[in-house]
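I opened the notebook to log what I looked up in this structure. Entries follow in the order I made them.

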Amino acid sequence: MTGPQAAVGTRPRWVSRLERPWFARLMVVTFVAQFISSAIRPLITYESLAAGAGAVQVGVITAAFSVLALFAAIPLGKAVDRRGETGFLVLGGILVCSTLLSLLAPTSLLLLGVCSAFLGLGHLVLVVASQTLIAKGSQPERRETRFATLTTVNAVAQIVAPAMTGFLVGEVASSHDELATHVPNSHIVLTIAAGMAVVATLSAVSLQLRPGALVKRAAPDTRPGRGSFATVMRLPAVPAAMLASLTVLTSIDLLGAYLPVYGQQHGLSARTVGLLLATEGVAAMVVRIWMLRLIARFTRRRLLVGTMTLAAISLAGVPVLGLLDRPEPALFAVMMLAGLGLGIGQPATMAWVAARTPVHLRGTAVSIRLSGNRLGQVVVPISAGALAGGIGLAAAFWWPAVLLLISAGLILRTPREGGSDHPVPESRRSPGIEPGKMSD
């Protein structure tokens with residue numbers, strides 16, 4: 001099915017074909033956004049260590065990723081509801097490209113903090129616009145599948161990106177005198193990421209110029225008003241879903257930020273750290289492929305509680321494994337369990353919030369959820385860094401484990417809300433659409 005303009009026979013056939021797969025083009029943007037985040041944030045940690053940062057400074061620079069995004073998230077969501085999504089996809093791509101080019105300048109802790117903040121803002125713009133596009137542009141029976149596909153694409157990026165950074169960076173010196181140099185091959189990582197950001201921006205431009213099937217969406221009857229924040233937060237299960245999203249995402253962030261520091265202390269190469277993070281990403285991708293079946297079997301609420309508990313136990317075990325003479329095999333096993341535990345939180349809460357929110361408030365709901373995420377990404381890394389600076393690096397892993405357990409307990413107490421714990425029933429799905437498959 002093509003857009004209304006397809007009836008005009010003067011355009012090449014490839015143009016009409018380009019208009020159809022809007023979701024595939026959106027997935028290009030999504031993959032690149034997550035790839036850049038997963039590749040550059042560990043690199044920023046290594047650059048911070050090379051510039052002389054300690055655990056506290058690493059926590060502050062990690063938190064800077066979310067500072068601008070925290071204040072921009074809710075106004076951004078309302079703007080997306082009013083003005084549409086595709087223009088913001090282009091804006092986010094341009095912002096990410098500019099930030100990556102700035103990171104090629106001579107390194108300082110101030111520059112790393114500023115670039116981390118603007119990288120987080122650009123990433124937020126891309127995430128809000130893409131998730132709102134799925135929430136509004138998808139038929140209800142396809143929404144859960146498309147959110148699962150989106151997060152599976154994110155998981156693939158989380159596998160490839162840190163492994164690429166680790167292999168390109170290679171060995172990082174562990175003495176303070178040697179650390180006060182540039183991280184090996186960081187310019188190659190940044191150049192690759194910048195090239196991919198250009199590709200994502202062009203894909204976003206194609207969505208704006210050739211929207212295809214998106215032009216057939218019905219316009220919402222109402223617009224977000226002054227009370228939209230309170231309206232969303234009063235919706236059943238939405239606060240619990242946002243809490244789960246916050247704790248899961250900040251746990252993933254702290255793994256990416258502090259596993260390189262852990263590796264420095266225990267003699268692990270950057271390649272090994274990259275593979276450990278990639279292992280967590282592989283496990284997250286695998287569990288997301290089976291997400292719909294797992295929700296149908298256990299309910300969304302129980303699945304979230306179980307997986308978050310598994311993730312908490314896994315994170316708490318990481319510092320203990322540092323006591324082993326050769327911790328690598330056990331660390332790979334623990335990263336696999338952590339990935340299985342952390343993989344469900346994001347897609348399950350995305351679909352949960354979208355299913356409970358009226359269509360004209362979905363951009364606002366997405367932005368509130370992401371605003372909560374960014375608040376957690378500011379507060380939790382700073383508090384983890386302060387704890388790690390005071391009582392040791394183990395606190396950077398134990399603190400998110402405690403938060404995961406608290407969040408799981410609160411979700412367990414959330415009252416059941418009709419069908420909110422389940423995906424769309426099989427009888428209401430379009431024929432031929434299987435869970436985990438991408439379809440237009």
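**Aromatic pairs**

How many aromatic pairs does the structure hold? I found 3 aromatic pairs. I note here that I am working from a predicted model.

I looked up Trp22 and Phe23, one of these pairs. Their arrangement is edge-to-face. The centres lie 5.9 Å apart, and the planes make an angle of 80 degrees. That angle counts as edge-to-face because it is over 60 degrees. I then checked burial: Trp22 is buried, and Phe23 is buried too.

I went on to Phe31 and Phe35, which form a tilted pair. The distance is 5.9 Å centre to centre, with 35 degrees between the planes. Why are these two separated by about one helical turn? They are 4 residues apart in helix α2, residues 22-50, so about one helical turn lies between them. I also compared their accessibility. Phe31 has a relative accessible area of 22%, so I logged Phe31 as partly exposed. Phe35 has 3%, so Phe35 went down as buried.

**Charges over rings**

Which ring does the charged end of Arg41 sit over? I found the ring of Phe65, with its centre 3.8 Å from that charged end. I logged a second case at Arg297, whose charged end sits over the ring of Phe298. There the distance to the ring centre is 5.0 Å.

**Loop residue Thr299**

I looked at the backbone of Thr299. Its phi is near 80 degrees, a positive value in a residue other than glycine. Where is the place of Thr299? I located Thr299 in the loop between α12 (291-298) and α13 (300-321). Its relative accessible area is 12%, so Thr299 is buried.

**Helices α4 and α8**

Next I took helix α4 (residues 86-102) and helix α8 (residues 186-209). They pack at an angle of about 165 degrees, and their axes are 8 Å apart. Therefore α4 runs roughly antiparallel to α8. I logged their crossing as left-handed.

I listed the residues that meet. On the α4 side they include Leu89, Val90, Gly93, Ile94 and Cys97. On the α8 side they include Ala193, Ala194, Ala197, Val198 and Thr201.

Is Thr247 buried or exposed? At 5% relative accessibility, I counted Thr247 as buried. Thr247 lies in helix α10, residues 238-265. Leaving out residues up to four places away in sequence, I found that Thr247 touches Met308, Leu403, Leu404 and Ser407.

I then turned to Ala408 in helix α17, residues 395-412. Ala408 is buried, with a relative accessible area of 3%. Which residues is Ala408 in contact with, leaving aside its neighbours within four places in sequence? I noted Val305, Met308 and Thr309.

**Val320**

My last entry is Val320 in helix α13. Val320 is partly exposed, with a relative accessible area of 46%. How many residues along the chain separate Val320 and Ala394? I read 74 residues along the chain, and their C-alpha atoms are separated by 8.3 Å.

Definitions and conventions: Residues are numbered from 1 along each chain as its sequence is written. This is a predicted model: local features need pLDDT of at least 70, side-chain atom pairs count only at pLDDT 80 or more; totals for chains, interfaces and linings use all residues. Side-chain values use heavy atoms; hydrogens and water are left out. Rings of Phe, Tyr and Trp (its six-membered ring) pair if their centres lie within 6.5 Å; planes under 30 degrees apart count as stacked, over 60 as edge-to-face and the rest as tilted. Buried means under 20% relative accessible area, exposed over 50%, partly exposed in between (1.4 Å probe, protein chains only). A charge sits over a ring if NZ of Lys or CZ of Arg is within 6 Å of the ring centre and within 35 degrees of the ring normal. Axes are lines fitted to C-alpha atoms, for helices over the stretch in contact, and angles run from 0 to 180 degrees between N-to-C directions. Angles under 35 degrees count as roughly parallel, over 145 as roughly antiparallel, 65 to 115 as roughly perpendicular and the rest as oblique. A crossing is left-handed if the near helix is turned anticlockwise from the far one by less than a right angle, and right-handed if clockwise. Contact means heavy atoms within 4.5 Å.
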